[in-house]
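Here is a friendly tour of pockets, cavities and charged pairs. Have your viewer ready and follow along.

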Amino acid sequence: MSENATGPASAAAARPVPPVAGPTMRPLAVPAADFRWYPQLTRVSEGSVVAGVCAGLAEHLGVRVNYVRLAMVLLATLSGAGVALYSALWALTRTAPARVGAGRVDERERRRGMALVVVAVAGAVLSFMVTTATGLSVIVPVLVVALGAGLVWQQYDGGGRVAPRSVFDWARVTAGATLVVVGLAVVVLGQVELAALRSSLLAVVATLVGVGLLSVPVGLRLWRSLEEERAARIREAERSHIASHLHDSVLQTLALIQKRSDDPGQVARLARRQERELRQWLFGAGSRMSSGAATVAGAVEVMVGDVEDVYGLRVDQVVVGGDGPVGDAQEAVLGAVREALVNVAKHAGVDTADVYVENDGRTLSAFVRDRGSGFDPDTVDGDRHGLAQSIRHRVESRGGAVRVRSTLGRGTEIGIEMPLEGE
Amino acid sequence: MTDGSQDGPEGDGGLCRVFLVDDHAVFRSGVRAELAGQSTIEVVGEAGSVAEAVAGIGRARPDVVLLDVHMPDGGGVAVLRSVLGSDPGGVVDPARAPEPTFLALSVSDAAEDVIAVIRAGARGYVTKTITGEDLADAVRRVADGDAVFSPRLAGFVLDAFARATPGPADRGEPVHDPEVDSLTPREKEVLRLLARGYTYKEIAEELFISVKTVETHASNVLRKTQQSNRHALTRWAQSRHLD
C-alpha cells in the first residue's frame with residue numbers, strides 16, 4: 001500500500017537506530033520522547049503512497065515492503081480486516097522524523113502501490129458483501145465516507161502542517177469533507193422520511209448547541225492549561241538555554257581565572273574577553289556582532305576584540321553613522337586602525353585607547369587616540385616610521401588621507417579620512 | 001536644565017553629598033571605597049532597590065545621585081520618574097527643595113538604555129569601568145550643573161541626531177527641520193571630539209574656546225536630547241531595536 005524510497009535490500013539496514021548519546025549530554029537537542037531503548041514502530045512520512053504504514057512496518061520487521069503490502073491486501077480480502085488494521089496502525093503510530101537522503105517514491109512504484117490499494121479495497125468490499133450479505137446501497141456510502149475521511153486524515157497527517165496552505169491542500173480537505181458529508185447524508189436520508197426531516201434537523205441542531213454549550217468551559221479550560229504548559233515549557237527551554245550559555249562562557253572563564261590568579265595580565269585579558277562576549281550576547285543580539293564582520297560596525301568590533309585579546313589593550317570604540325558593507329576602502333581604513341592600535345599597544349606605554357569611526361555617507365573617518373608617551377613626528381626612529389608608512393600607504397593608495405598628531409607626554413591621535421564612492 | 005539651580009551647597013568648594021543606587025551591594029561598597037579618598041565628596045546613603053532609592057533620596061537630600069540603570073522593578077528610569085516627577089527637566093517649582101542631579105553609572109552601554117535614562121532626566125552617563133578619579137570628577141561636574149558625556153554616549157547622541165536629519169548629514173551646515181531641533185555645527189564638533197576620547201579641557205584647547213563654553217555646549221546637547229528631540233529619539237531607538 002505504501003512505498004519506501006530506499007530499495008528493498010536496504011530496508012532492514014535503514015531501521016531507525018536509537019540515538020547513541022544519552023539524554024544528559026544534549027538535553028535540548030534530544031527531546032526525551034525520542035529516546036528509547038527499543039525500536040518503536042513508526043510510519044515513514046517521506047515517499048509514502050497513502051500514509052507510510054506499510055513502509056514503516058517493513059522497516060520495523062526487517063522484511064521487504066512488497067511482502068507487507070501483499071499481506072495487507074490478502075488481509076483486506078478477509079472481510080476488510082486488512083483495511084481495519086491499516087487504519088488502526090495509521091491512527092495509532094507516530095510519523096518517523098524525516099531522514100536525510102530519503103526522497104519521494106518514483107512514479108512507477110506509486111502507480112503500483114495505488115493499484116494494490118484499489119485491489120485491497122475491492123477485495124475487502126467483495127468479501128464483506130459475500131460474507132455478510134449486505135447490499136451495495138450500504139457499502140457505497142460507507143466507502144465514500146471512508147475515502148473522504150482518508151483524504152482529510154492525509155492532510156492533517158505528516159509534516160506538522162495544521163492549516164492547509166496550497167490550493168491542492170485546500171482542494172483535498174474540501175473534497176474529503178464533501179465526500180464525508182455526502183456519504184453520511186445518503187445513509188441518513190435513505191433511512192428517514194422526508195416529512196420527518198425538519199423535526200430531526202431541529203433535534204440535531206438543538207443537540208449540537210447543547211453539546212457546544214456544555215463543552216465550551218471544558219474546552220476553554222483545556223486550551224488554557226495547554227497554553228500555560230506551553231509557556232512553561234518555553235520558559236524552561238529559555239532558562240536552560242541561558243544556563244548552558246553561561247556554563248559554556250562565564251563559568252568556564254571564572255574557573256580559568258581562579259586557576260591563573262597569579263598572572264594578573266592573563267586574568268585581565270580573560271575577564272575583558274569574557275566581558276565583551278557576554279555584552280555582545282546580552283545587548284548586541286541581532287544587531288552588530290551577530291552579523292559578523294559583514295558590516296563596518298561589526299568589523300570594527302571584531303578587529304578591536306582581536307587587538308584587545310592579543311595585546312592586552314583596552315579599547316573604547318564608538319561607531320557612528322550609517323553602517324554598510326565592508327568594501328576595499330573600508331577594509332583599508334580598518335587595517336590602518338588596527339595597525340594604529342597595535343602601535344599604541346607596543347609603543348605608547350598605556351593600556352587604553354579610544355577608537356572613533358564615523359561614516360557620514362561621503363567620507364569614512366576613523367580616529368585612534370591614546371594618552372601615552374607620544375612622540376615628535378619629525379624625529380621618529382626607523383621602526384616607528386615604517387609603521388606609520390604602513391598606515392599611510394594603506395590609506396593613501398586608496399585616495400584617503402592620514403593625519404598624525406602627537407605631543408610628547410600627552411599622547412597621539414591618528415586621524416584617517418577615506419572618501420567613499422558611489423553612495 | 002541649564003539654569004544653574006543645582007550649584008548650591010557645593011559651588012564654593014563645599015562638600016558634595018552623593019547617594020548611591022545599585023542593586024549590587026558589592027558594587028556599592030566598591031564605589032564607596034573609590035570615593036572615600038576624595039575630600040570633596042561624601043557618600044550620604046545608598047539603596048538597592050527603586051523603592052528604597054526614592055525614600056532614601058527624599059530623606060538624605062543628596063546633591064548627586066549615582067544611578068544604576070538595570071535594577072529589578074523598573075530600574076534607574078523608574079527612580080528618575082518618581083523623584084523628578086512627570087516633567088523631567090521642566091520648570092522646577094521654586095517652593096520645592098532643589099532636586100538632586102542624577103548621574104547614570106551603568107555596566108550597560110546599549111543605546112536604548114543610555115538614551116532612556118538621559119531622556120528621563122539624568123545629567124550624564126558613565127560606564128562602570130570608569131576610574132575612581134574620573135568618577136569623582138564626573139560627580140563634581142554634574143553637581144556644578146554640567147553634563148557629563150562618556151565617549152559612547154556622545155556617539156549615540158550623534159547617531160541619533162544624524163538619523164533624525166533627512167538625507168545624508170551635511171557637515172558644518174545647520175539642517176532646518178521643523179520637527180527636530182538639531183545640533184549646531186559647534187555642538188556636533190564638541191560631541192565628535194568627546195566621542196574621540198577628548199576631555200573637556202582638551203576640547204577647549206582644540207576649538208580655542210573656554211572650558212566653560214564646552215560645558216555649555218554639552219549641556220545644550222543634553223537639553224536637546226532630553227526635550228526637543230524626544231520624538232526623533234524614540235523613533236530612532238525603536239528602529240534600532242527592531243533592526
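Which residues lie nearest the centre of the second largest pocket? They are A:Val83, A:Val121, A:Leu143, A:Ala146 and A:Leu147, out of 29 lining residues.

## Ground rules

This is a predicted model, in which local features need pLDDT of at least 70 and side-chain atom pairs count only at pLDDT 80 or more, while totals for chains, interfaces and linings use all residues. Residues are numbered from 1 along each chain as its sequence is written, chains are lettered from A and ligands numbered from 1 in the order in which they are written, and side-chain values use heavy atoms, leaving out hydrogens and water.

## The second largest pocket

A pocket here is an open set of points on a 1 Å grid over the protein atoms alone, with protein on both sides within 12 Å along at least five of seven lines; lining residues have an atom within 4 Å of a point. This one holds about 920 Å³ of space, a volume being the space filled by probe spheres set on the grid points, which are joined across faces, edges and corners.

α3 (81-92), α4 (107-132) and α5 (136-156) of chain A each give two or more residues to the lining of this pocket. Helices (H or I, at least four residues) and strands (E, at least two) are DSSP runs, numbered from the N terminus. The largest share, 13 residues, comes from α5(A). By type, the lining has 24 nonpolar, five polar and no charged residues; Ala, Val, Leu, Ile, Met, Phe, Trp, Tyr, Cys and Pro count as nonpolar, Asp, Glu, Lys and Arg as charged, and the others, Gly among them, as polar.

## The largest cavity

A cavity is a set of points where a 1.4 Å probe fits but cannot get out. The largest cavity has a volume of about 50 Å³, and its lining includes B:Phe27, B:Arg28 and B:Asp68. α1(B) gives the largest share of that lining, three residues.

## Salt bridges

Over all chains there are 25 salt bridges, each a side-chain nitrogen of Lys or Arg within 4 Å of a carboxyl oxygen of Asp or Glu. One joins B:Glu202 to A:Arg371, with the closest N and O atoms 2.7 Å apart. This pair crosses between chains, from helix α8 (residues 200-207) of chain B to the loop between β5 (363-370) and α11 (382-396) of chain A. B:Glu202 is buried at 11% relative accessibility, whereas A:Arg371 is partly exposed at 36%; buried means under 20% relative accessible area, exposed over 50%, partly exposed in between (1.4 Å probe, protein chains only).
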